[in-house]
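Hello,

Here is the structure you were waiting for. My notes follow below it.

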Amino acid sequence: MSTTAFPVAEGAAPEGRAMDLLRFATAGSVDDGKSTLIGRLLYDTKSLFTDQLAAVEAVSAARGDEYTNLALLTDGLRAEREQGITIDVAYRYFATPRRKFIIADTPGHIQYTRNMVTGASTADLALILVDARKGLVEQSRRHAFLCSLLRVPHLVLCVNKMDLVDWSQDVFERISDEFTAFAAKLEVPDLTVVPISALHGDNIVTRSEHTPWYEGPSLLHHLERVHIASDRNLVDVRFPVQYVIRPQSTTVTDYRGYAGQVASGVLKPGDEVMVLPSGFTSRIAAIETADGPVAEAFPPMSVTVRLTDEIDISRGDLICRPNNAPAVAQDIEAMICWMDESQPLRPGGKYAIKHTTRSARTVVRGLHYRLDVNSLHRDETATELGLNEIGRVRLRTTVPLLADEYRRNRTTGGFILIDETTNRTVAAGMIVDTN
Amino acid sequence: METIDTTIPAAYRVSHLDALEAESIFVMREVVAELERPVLLFSGGKDSIVMLRLAQKAFAPARIPFPVMHVDTGHNFAEVLDYRDQRVAELGLQLVVASVPEALEAGLVRESADGMRNRIQTPVLLAAVEKYRFDALFGGARRDEEKARAKERVFSFRDDFGQWDPKNQRPELWSLYNGRHHPGESIRVFPLSNWTELDIWHYIARERLALPSIYYAHERLVVERDGMLYAVNEFIRPRGAEEPFKAQVRYRTVGDASCTAAVRSDADTVELVIEEVAATRITERGATRGDDRVSEAAMEDRKREGYF
């Protein structure tokens, strides 16, 4: 028997089918049926395995649950099972012939808002569940606001438990109208509303007979077809330098490549580029990968860029176009979501800041206001931000950040703050202004 | 500023496999840029083989800038050890072996009653981390493997006892990973977090990666135990009424030979394995890992102690 093998069937093309990837986060209040919905999506797309289901059935039976508790599928931690709630984000995966999906299943409880923010930060789309009997609650508004703050490009409001309101079109439309009116105050570029029953599977994979008045797509149909390719910014070239590749080798000599992941824009060999913060200009000599040179690089490709000139460039620098550059700024206006339970954010506080591949230190110069995420009221008398609170601050950094507004660019507009004593990530920040 | 064109040429579409690859390469480069002494855990299994390929890609044309470490339980499939040594030689890597048999010999750990060495791997791993002062450990774990894994961060902080505290994880926002730690503490890094078993196989096919032959269907002498097929070898002897028989099998995971089971399969090519994995209704660990069946939270409990 050989020790290594790559057996290929005759005539076979060893390529996986080229599907794209949609990342979505789920949100909603406790008991709105989030876990049931996820269980349903996994089950109906044959992504739920028999041993997982058997394990959940056995635990449900042992606990005396009256029905198989699909929440046990997603609540994987001991503490979550004990308390019957979701504490942390869990990631789930499924695929249909059209698309691959990554679900960030985020907790509904208010004390875990930071985990909701974590899940939404990378999402292309967010599902917000509401219970048709209860209508919009505080948590639905809070989650819609967080999704808009984090610029999740697509929102889907799932009005769940429609079976418990006799499939009433009036109920559905009332909730839909109320949510649309609220979303109008936020910046929600794309909103879809679907009446569903996660427990019975109505309008999840196929259109339901119970809702003849509903003319939209089933939830899965929408997830499979929502157009996400144009969410990527292909205009503003932003290439944060992550790592300088300089082989110490006798076969590869004088090689100097700038490795990184394209944040936005399209790079091509021959393009004139500018390097920040130095401001030197050069041209792209080549864009390389381990599989050979490429003619173009665009998000989210991880590549290595070589320039025609010898310029001193290191990690944390950024390659852009001379006529389209981010701000080079030490004073930053930002929205902050505070995530630390031990200490609040206060003016004067000093933190480490990580922005793209650049790290620096920062001081909080001022807190403009604390935002009530339910009423969107701005409390300008606030003197600190506690756990899960959101507010607008002014920061001064030790070195300039190469920054865009978050609304223009989720990569060059977002940052985290780290407590230098505990090393914990204590805040998520979104740049509003760089003047 | 210009407005963004909403019509995207087909040329800028990115397949899910390319997106996953780009994300994993980004993660590996972040670690090398920000941490002092990374090491990649290499078992010779399919996930760690994919990890090595990604590491090659992340730093080409330079060599992989960190050593690899094998936590050797002493219960190995011979094919896998051969594969390990061959691959390490090809890539010119430094191999660190954290040996459970040596630790047993030295009295650092004691054999558990059931003979499984999964649990005693952990102190041996942690001792090697301390000895070599590794501060970042790349692991090939995927979130689709198991429910405790589904909660795992890409950068997972461990205290100086190697312990994972699932209730107190660092929030992980965008692709801004926080690798800061005090001396003695470490970061476990999982670049394959978002990959599924099927993605791994598609990638193996695309990259034409050679694997230890036990991943493909072959005939083997087995016994049926707890509903799983275990190869009869020096670690697994028939017990009581167990009657060894020959079967056409392959391995979905390659772990400790004393607790890793095979599955019935005729899939002897990568395409057939992909078909099989796409159609299966049993998870990889559920089908083949005796160690995960110990309790409802077996994986979480081991991870808390410092296991991967």
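**Between the two domains of chain B**

B:Arg252 forms a salt bridge with B:Glu197, with the closest N and O atoms 2.7 Å apart. A salt bridge here is a side-chain nitrogen of Lys or Arg within 4 Å of a carboxyl oxygen of Asp or Glu. Two salt bridges are counted between domain 1 and domain 2 of chain B.

This is a predicted model: local features need pLDDT of at least 70, side-chain atom pairs count only at pLDDT 80 or more, and totals for chains, interfaces and linings use all residues. Residues are numbered from 1 along each chain as its sequence is written, chains are lettered from A and ligands numbered from 1 in the order in which they are written, and side-chain values use heavy atoms, leaving out hydrogens and water.

Domain 1 of chain B covers 16-199 + 297-305, and domain 2 covers 211-294. These bounds come from an automatic or database domain assignment. The contact (heavy atoms within 4.5 Å) takes 26 residues from domain 1 of chain B and 27 from domain 2 of chain B.

Together the two domains of chain B bury about 2200 Å², 59% of it on carbon and sulfur atoms. Buried area is the accessible area (1.4 Å probe) that two parts lose on being put together, summed over both. B:His75, B:Phe77 and B:Glu197 supply 29% of what domain 1 of chain B buries against domain 2 of chain B, more than any other three residues.

Regards
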